[in-house]
Amino acid sequence: MRARRLSVVDEYIEDGRAAIYTSEGMVVLLSGLATSAWQVLDDDWTPVTEVAAALVREFGDPGEGQADVLTTEALRSLADNALVELAD
Amino acid sequence: MRLEALEVPFEISCVGPDAQQAAASIEAAWEWCLVNGDHASTRSPLQRITVGLKGASEPGSAGSAGSVVARDIPTLMDRLSPMVTRLAVTERKHDLVMFHACAVADPRTGAAVVLYGPSGAGKTTLARTLCTDLVYLSDETAGVTVDLEVVPYLKPLSIIVEAGDRLKEQVSPGRIGLVRPDGTALRLHALVQLRRDPDHRGDATVEQLTTVDALPELMAQTSYTREMERPLHRMADLAHQVGGVRRATYAEAEQLRPVVRAILDGAA
């Protein structure tokens with residue numbers, strides 16, 4: 001799976017957490033993990049494994065393959081809020 | 001008649017049957033917003049609203065920003081207020097930050113507290129409760145300039161006067177004994193997010209929110225944020241200038257009196 005950012009109106013990050021003003025007019029609060037994933041992404045496609053590696057560097061390895069699982073969950077939550085696009 | 005809302009000048013013309021009675025009702029309810037023609041603001045183009053009762057000809061709206069038609073005066077009054085607010089807010093969307101809020105000020109210092117929240121958060125009740133000794137600035141929309149000056153909107157309050165009334169009555173703040181601004185400069189001192197919880201017991205609780213946590217509701221209760229450049233940063237900057245955002249949880253308006261007093265005493 002890979003991910004890329006969708007266009008947003010504005011983003012504000014303080015103390016590792018982001019508030020994002022979506023193009024749909026909502027302001028969404030992100031968790032620390034989702035904020036970091038968001039910061040890894042840009043307008044180009046990024047593989048989930050690359051995002052997961054960045055999160056492991058920042059938060060440590062949860063072990064037992066959980067890094068990819070938690071990263072995928074974070075990206076899906078971003079997608080649910082119209083902040084990123086996912087593709088296989 | 002001429003009135004001002006958020007410093008936007010309005011001309012209200014009453015036409016048709018009972019026009020004089022309608023005009024008298026509007027003048028009574030909007031007395032704190034009335035201006036005489038010589039002193040009307042020239043900040044914005046004049047907004048013309050035509051109002052009338054159904055029965056004779058419909059009020060014409062040619063050249064008007066809007067028209068209000070109703071079957072009776074209470075309904076007409078009920079519809080006029082949101083129209084004035086909508087037009088005024090739209091007219092000031094580029095130069096004011098406008099909160100969906102009750103705003104009050106210390107009569108000695110002009111320090112203002114903006115208590116924002118959605119419909120049902122108790123803003124009108126708060127204004128009625130707090131502004132018997134604090135200055136009434138609005139029960140619905142508080143405008144703030146880039147220099148943190150608060151622009152009052154001294155609109156009538158929507159109040160159920162008698163149990164069972166179908167419509168809330170539009171009541172002049174003067175009629176219910178609220179304190180009127182006396183010309184003292186009004187400056188934003190605090191932002192308070194209202195959270196009304198009917199089951200809350202004891203004193204109101206006040207929490208300091210992080211800016212990130214405050215932003216969703218702050219943005220939701222601010223008009224035309226989409227028109228701002230970098231809206232989240234603009235609102236975060238405004239919050240930082242007044243020491244961040246507090247959230248007050250309460251059940252009854254009276255519980256917020258000591259909270260607001262303490263905030264204002266900090267401004268003295």
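How many residues does the contact take from chain B, and how many from chain A? In this predicted model, the contact draws 13 residues from chain B and 12 residues from chain A.

**The side of chain B that touches chain A**
- Helix 4 (211–220) and helix 5 (231–241) of chain B each contribute at least two residues to the side of chain B that touches chain A, and helix 4 of chain B gives the most, with 6 residues.
- By residue class, the side of chain B that touches chain A is made up of 7 nonpolar, 3 polar and 3 charged residues.

**Chain B as a whole**
- Chain B contains 6 helices and 14 strands, and because its radius of gyration of 19 Å is close to the 18 Å that the globule rule gives for 268 residues, chain B is as compact as a globular protein of that length.
- The C-alpha trace of chain B spans about 55 × 45 × 30 Å along its principal axes, and 43% of the 268 residues of chain B count as buried.
- Among the contacts in chain B with a separation of 6 or more, 71% are between residues 24 or more positions apart.

**Strand pairing in chain A**
- Strand 1 (residues 2–5) of chain A runs antiparallel to strand 6 (residues 84–87) of chain A, to which 4 bridges join it, and in strand 6 of chain A the bridge partner of A:Ala3 is A:Leu86.
- Strand 1 of chain A is also joined by 2 bridges to strand 5 (residues 46–47) of chain A, again in an antiparallel arrangement, with A:Pro47 in strand 5 of chain A as the bridge partner of A:Arg2.

Key:
Residues are numbered from 1 along each chain as its sequence is written. Chains are lettered from A and ligands numbered from 1 in the order in which they are written. This is a predicted model: local features need pLDDT of at least 70, side-chain atom pairs count only at pLDDT 80 or more; totals for chains, interfaces and linings use all residues. Two residues are in contact if their C-beta atoms, placed from the backbone, lie within 7 Å. Ala, Val, Leu, Ile, Met, Phe, Trp, Tyr, Cys and Pro count as nonpolar, Asp, Glu, Lys and Arg as charged, and the others, Gly among them, as polar. The radius of gyration is taken over C-alpha atoms; the globule rule is 2.2 Å times the number of residues to the power 0.38. A residue is buried if 20 or more other C-beta atoms lie within 10 Å of its own, exposed if 12 or fewer, and partly exposed in between; C-beta atoms are placed from the backbone. Two strands pair if DSSP finds at least two bridges between them.
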